[in-house]
Amino acid sequence: MSARSWRLAVGSVVLVALPVWVGNTYYVNIASQVLVFAVFALALNVLVGYAGLVSLGHAGLFAIAAYTGALLLQAGCTHGVAMVGAIVVTLVAAAVFGVLALRATGIGFLMITLALGQIVWGIAYRWVDLTHGDNGVKVVSRPEPFGLRLTGAPAFYYTTLIVFLLAVVAMAVFARSPLGVSLRGTRDQPRRMTALGYNVWLIRFLAFLFSGFWSAVAGLLFVYYNNFISPQAATLQASAEVLLMVISGGSGTLLGPVAGAAIVVITKTIVSSSVERWNLVLGLIFVAIISFMPEGLVPGSVRLWHAGLKLMRTRGAATADLAGSRPRSNP
């Protein structure tokens, strides 16, 4: 069994046992929040990390799924219909976003997604008859898969954990698939990919849909966790936060967005309860990561770990050579 497999196995055991060794419902709920935003960060990482397309409007897709699910439930639909409807509507919105945003790359793509996200926020804020404006939409119940009630913190955590693990597996399969490899090719050498006969626009569009799907899943988890959705979920700040999760953890990696989500959520919930200017603390953390680990927290930590091991081996070899070169004294 490889070292990576051991790390994944240990991490899985820790996550499964977390409600048991934590015990406190408050921290179990925080862990659920981390998993929800980790799914969202993984979704955005498809574009930022693998496609090289920075989006500042993904909170719009996140909010569309949450609002659609909440409004369908409020209209009397079952949870199954609400979830399927939310994902379908979000995929349609992602298709529209993709068609409009993929007309450009770089700063142009970023500005178009920013504008689209702000349109969604404006609709959520101003269309009071539908979204209730700042009052938001309440969800009075959670689904009961296989008769399991998700009202308790541990039950909801385990459900979120299952969805999170499915997202991680899906991202790993996607990254190794021909589509994922082609997507990285469009990031690094778009002209060469076009010359080789690949449809660069279509590859990016399919990636946008894949990212939109998991953004919808994260939005549904979010609305079920809070039992409430408001325009705050579609703001520019929400899009910026999830982008910071991806960049700080390590874009283009599998575990980087997860680590970034943990940093942001823990700082917002735990640090903010004891530090008034928690935004300053979060900013200092990001500055430190970018300064010492410009590639992100996870790949930077791996780099420093290997550098430390190499330094220890070099010193050990030097010490052994020095000991072997000393003349032996005659008795």
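Student: Taking helices (H or I, at least four residues) and strands (E, at least two) as DSSP runs numbered from the N terminus, how many helices and strands does the chain come to?

Tutor: The secondary structure comes to 14 helices and 2 strands. This is a predicted model, in which local features need pLDDT of at least 70 and side-chain atom pairs count only at pLDDT 80 or more, while totals for chains, interfaces and linings use all residues. Residues are numbered from 1 along each chain as its sequence is written, and side-chain values use heavy atoms, with hydrogens and water left out.

Student: What box do the C-alpha atoms fill, and what share of the residues is buried?

Tutor: Taken along the principal axes, the box is roughly 100 × 55 × 40 Å. Of the 331 residues, 45% count as buried, where buried means under 20% relative accessible area, exposed means over 50% and partly exposed lies in between (1.4 Å probe, protein chains only).

Student: And what share of the contacts comes from residues 24 or more positions apart?

Tutor: With contact meaning heavy atoms within 4.5 Å, residues 24 or more positions apart account for 74% of the contacts that have a separation of 6 or more.

Student: Let's switch to the rings. How many aromatic pairs does a search of the whole structure find?

Tutor: The search finds 13 aromatic pairs; rings of Phe, Tyr and Trp (its six-membered ring) pair if their centres lie within 6.5 Å, and planes under 30 degrees apart count as stacked, over 60 as edge-to-face and the rest as tilted. One of the pairs is formed by Phe40 and Phe62, which are stacked at 4.5 Å centre to centre with 20° between the planes. Phe40 lies in helix α2 (residues 25-51) and Phe62 in helix α3 (residues 58-74), so this pair ties together parts that are 22 residues apart in sequence.

Student: Are those two buried or exposed?

Tutor: Phe40 counts as buried because its relative accessibility is 2%, and Phe62 counts as buried at 3%. Phe40 and Phe62 also form one aromatic cluster together with Phe37 and Phe222.

Student: Which residue lies over the face of Phe156?

Tutor: Arg142 does, at 4.3 Å from the ring centre. A charge sits over a ring if NZ of Lys or CZ of Arg is within 6 Å of the ring centre and within 35 degrees of the ring normal.

Student: New topic: what volume does the second largest pocket have, and which of its lining residues are closest to the centre?

Tutor: Its volume is about 450 Å³, and of the 23 residues that line this pocket, Phe37, Phe222, Gln232, Glu241 and Lys268 are the closest to its centre. On a 1 Å grid over the protein atoms alone, a cavity is a set of points where a 1.4 Å probe fits but cannot get out, whereas a pocket is an open set with protein on both sides within 12 Å along at least five of seven lines, and lining residues have an atom within 4 Å of a point. Grid points are joined across faces, edges and corners, and the volume is the space filled by probe spheres set on the points.

Student: Which element gives the largest share of that lining?

Tutor: Helix α11 does, with 5 residues. At least two lining residues each come from α2, α10 (200-226), β2 (228-229), α11 (236-249) and α12 (256-274).

Student: How does the lining divide by residue type?

Tutor: It divides into 14 nonpolar, 7 polar and 2 charged residues, where Ala, Val, Leu, Ile, Met, Phe, Trp, Tyr, Cys and Pro count as nonpolar, Asp, Glu, Lys and Arg as charged, and the others, Gly among them, as polar.
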